[in-house]
Amino acid sequence: MRLNGRQFARYSRHLLMDDIGVDGQHRLFNSHVLVVGMGGLGCPVTLYLAAAGIGRLSICDADIVAESNLHRQILYRDADCGRLKVDCARRALKDVNPDLMVDTHAEPVSAEILSGDYQLVLDCSDNLAARSLLNHHCRARRLPLISASATGWEGQLMAFDFERQQSPCFNCSIDPSSPEGRADCDTQGVVGPVLGVIGSQQATMAMAMLLGYGHPHGQLQRYDGKAGQWMNFKLQANPNCDLCAPFRRC
Ligand SMILES: [Zn+2]
């Protein structure tokens, strides 16, 4: 399959790169990514993926746009207040790239939504229940998952390659009873550009994974926006994790 003249112009900066080129651009065209949560992380993630030529995005969020969202959720405009986020996001993303296919789910993520045909799932959600559901289904279906979050001046992300039986999972990494485990930006506040940093990193990792390049799976990457520092930690698989320990014993 060949690129047309318009596509050559649009994606010329990818085509100039030996490790993307025409073949890589086709891989992006043929990719289908599920993005759960169209808030402060989902906005920059989907903007970059739409611009990059990802063929199909499924976006999932039950919320409507509120005025308190606008300092960080960069897809939405003042006039969007009171409208469904997924509808506003779809319009904005199609404005960026009319070739993009966008499926919208104006409901909380569910097993039915997760049964779709995705190459990658991006967790941009704001609650532990959704994160745990994504972890469980991606682990069971061996779907790659990139989970991200941010509060205050700090953000973090983790990539899980569940093709690897030895991979830890999100459940290994968090203590649900801890204040950190329950934190979200509605109750703690967040600096808008920190979400842009983490969302951009999440989109970068997504592109690398879709293009078949190595990625730091099983690592926690943490960003401190006030100090301007990144820190990486190796995630340890919890030998007692009820989700992934049984797979590792196989
Ligand atoms: Zn686990």
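Tutor: Two packed helices are described by the angle between their axes and the distance between the axes. Here the axes of helix H4 (residues 42–52) and helix H5 (residues 85–96) come within 9 Å and cross at roughly 35°. Axes are lines fitted to C-alpha atoms, for helices over the stretch in contact, with angles from 0 to 180 degrees between N-to-C directions. Helices are DSSP runs of H or I with at least four residues, strands are E runs of at least two, and both are numbered from the N terminus. This is a predicted model: local features need pLDDT of at least 70, side-chain atom pairs count only at pLDDT 80 or more, and totals for chains, interfaces and linings use all residues. Residues are numbered from 1 along each chain as its sequence is written.

Student: Which residues in H4 and H5 meet?

Tutor: Contact requires C-beta atoms, placed from the backbone, within 7 Å. Thr-46, Leu-47, Ala-50 and Ala-51 in H4 meet Ala-89, Leu-93 and Val-96 in H5.

Student: Is Asp-95 buried or exposed?

Tutor: A residue is buried if 20 or more other C-beta atoms, placed from the backbone, lie within 10 Å of its own, exposed if 12 or fewer, and partly exposed in between. Asp-95 lies in helix H5 and is exposed, because 11 other C-beta atoms are within 10 Å. Its C-alpha is 10.0 Å from that of Ala-51, at 44 residues apart in sequence.

Student: How much of the chain is buried?

Tutor: Of its 250 residues, 40% count as buried.

Terms used
Contact = placed C-beta atoms within 7 Å.
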